Amino acid sequence: MHERQPEIEVAAVPAVRGRAIVITSGKGGVGKTTTTANLGTALAMRGARVALVDADVGLRNLDIVLGLESRVKHHLLDVIEGGVTLDDALVPSKYTDSLMLLAAAQNREKDEVPTEAMTALIERLRERFDYVLVDCPAGIEHGFRNAVAGAQEAIVVCTPEVSAVRDVDRVIGLLGNRFKPQLIVNRLRPQLVKRGKMLSVEDVNAILRLPLLGVIADEPEIIITTNKGEPLALRRDDATGAAYHAMAAKIAGEDVEAPTVEMRESFFGRLGAFFGGKA
Amino acid sequence: MIEFFKRLFGPSDSGATAKQRLQLVLMTDHLALAPEMIDAMKRELVEVISRYVEVDRDKVEVDFERHDHALAMMANVPILGVARPSERAPEPAPAPAPTPAAETAAPLQQRKRRKKAQRAPA
C-alpha cells in the first residue's frame with residue numbers, strides 16, 4: 001500500500017481531490033463504455049487529468065474502445081491485491097497525454113473485488129486525477145455496487161427504448177439520494193423520432209426527470225471509431241465529437257447548453273411532408 | 001396518392017406505443033417495489049370505509065390489474081352491516097369541497113389530502 005508518487009507529479013500534490021463519476025445504466029449495450037471513453041477523452045483534451053476505471057471485471061472492454069488492449073499489462077485487481085503499483089497498472093492513452101486507463105481483470109470475477117478495496121482505490125485515484133470516470137458493468141449486482149461505492153457523482157446512459165428506460169429508472173432508485181444523476185440519451189435517431197417511431201428525449205425524461213447532460217445521435221461514425229479504437233471525441237469537427245466536448249464542458253462546470261441532436265429531416269421525410277401536409 | 005405518401009412517411013404510433021407501455025410498466029414496477037405503501041393504503045382505505053359501513057377487515061383485498069392500456073386498482077371490501085340512516089354515528093366535519101381547478105390539476109394529491117383532513121378531527 002506504500003506507493004511512491006510518480007516523479008512527474010512530485011511538484012504538486014493537489015489539496016483538492018478529483019471528482020469520481022460513475023457511468024451507469026442498468027441495461028447492457030446502451031453505450032456506457034463508449035460514453036466513458038469519449039467523455040474521458042474530451043475532459044483530458046480540456047487539460048484535465050483523467051483516470052478511466054473499467055469496473056467491468058471479467059468483461060474488460062474499455063481498453064478496446066481506447067485502442068489500448070495491447071498495452072494493458074496489469075489490472076485493477078492486481079493493484080487492489082497489492083501485487084502491482086498504481087503507476088505500473090495505469091496505461092496512458094495514445095492520443096491524449098493526461099488520460100490514463102486502469103483496466104479490469106479479464107480472468108477474474110466481480111465477486112472477487114471487495115467493495116471497501118474498490119472505494120479505497122478510487123480514493124487514491126482522486127488524489128492524483130481531476131476526474132475519475134468509472135465504467136460500471138451492466139446489472140445491479142455486486143459489480144454495480146462496487147462501481148458506485150467510490151463515486152460521488154453519477155451519469156446514467158439511456159437509449160430511447162422501453163427496456164433501457166425501465167432499467168435506468170430502477171438504477172436511479174438504487175442510487176438513492178446520495179446521487180443526483182445526470183442523463184445522457186444515447187443512440188437517438190432523430191428521423192425516427194420525427195416520424196413518431198421512437199421515444200423522444202422529452203418522452204424519456206418525462207419519466208426519468210433528470211438533468212440532461214446531452215443527447216448523442218446513433219451515428220455510424222461511433223461504430224467506425226470504436227472499431228479503430230480511436231474515440232470520436234478526438235475529432236472536435238465531427239458533430240458527435242463536438243457533443244462529447246460540450247458535455248465535458250458541462251461536467252467541468254461551464255455554463256453551456258446540453259448538446260442535442262438536430263431534428264433534420266431526410267429527403268424522403270420532406271417529400272412525405274410535401275405530399276401529405278405537415279405531419 | 002396523398003394517402004399513400006402519408007402511410008409511407010407519415011407519423012406512426014409505435015413511439016406512442018412505446019411511451020404508453022413504458023408508463024404502464026414503470027407504474028407496475030414502482031408498485032412492486034413498494035409493498036409497504038400498498039399496505040398503508042389498504043389500511044387507510046379500510047379506515048375510511050369503516051366510518052360509513054361495517055367492514056370485514058380481514059377479508060379486504062386490494063389488487064392491481066394491468067390491462068392493455070391502463071393500470072387499475074381493484075378493491076374487494078366485504079361489508080358486514082350498514083346502519084339505519086337515523087342511527088348513523090355523527091359524521092366528522094365534511095372536508096371542504098376542493099376547487100374544480102385543483103381537482104383537475106392534481107386529483108391524486110387532492111384525494112390524499114382530503115383523507116387526511118377527515119382523519120384529523122377524529
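Begin by selecting chain B of this predicted model, which has five helices and four strands. Followed from the N terminus on, its elements run α-α-α-β-β-β-β-α-α. If you colour chain B by burial, buried residues make up 5% of its 122 residues. Among the contacts in chain B with a separation of 6 or more, 48% are accounted for by residues 24 or more positions apart.

Next, select helix 7 of chain A (residues 162-175) together with helix 2 of chain B (residues 14-32), which pack with their axes 10 Å apart and at an angle of about 30°. An angle under 35 degrees counts as roughly parallel, and therefore helix 7 of chain A is roughly parallel to helix 2 of chain B. The crossing of helix 7 of chain A past helix 2 of chain B is right-handed. Now show the side chains that make the contact: Val162(A), Val165(A), Arg166(A), Asp169(A) and Arg170(A) from helix 7 of chain A, and Ala18(B), Arg21(B), Leu22(B), Val25(B), Leu26(B) and Asp29(B) from helix 2 of chain B. Sorted by class, this contact of helix 7 of chain A with helix 2 of chain B has six nonpolar and five charged residues, and no polar ones.

Move on to helix 10 of chain A (residues 220-228), where Ile222(A), Thr225(A) and Thr226(A) are buried. These residues lie on the same side of helix 10 of chain A, because they cover an arc of only 100° around the axis. Just after helix 10 of chain A comes Gly229(A), with a positive phi of about 75°.

The last stops concern backbone angles. Most residues other than glycine have a negative phi. Arg187(A), although not a glycine, has a positive phi of about 60°, and this residue is found in strand 7 of chain A (residues 182-188). Is Arg187(A) buried or exposed? Arg187(A) counts as buried, because 21 C-beta neighbours lie inside 10 Å. Finally, select Arg209(A), in the loop between helix 9 (201-208) and strand 8 (212-217) of chain A, where phi is near 50°, a positive value in a residue other than glycine. Arg209(A) is exposed, with 10 other C-beta atoms within 10 Å.

Notes. Residues numbered from 1 in each chain as written. Chains lettered and ligands numbered in written order. Predicted model: local features only at pLDDT ≥ 70, side-chain atom pairs only at ≥ 80, totals over all residues. Helix = DSSP H or I, 4+ residues; strand = E, 2+ residues; numbered from the N terminus. Buried ≥ 20, exposed ≤ 12 C-beta atoms within 10 Å, placed from the backbone. Contact = placed C-beta atoms within 7 Å. Axes fitted to C-alpha atoms, helices over the stretch in contact; angles between N-to-C directions. Parallel < 35°, antiparallel > 145°, perpendicular 65-115°, else oblique. Left-handed = near helix turned anticlockwise from the far one by under 90°. Nonpolar A, V, L, I, M, F, W, Y, C, P; charged D, E, K, R; others polar. Arc of directions from axis to C-beta.
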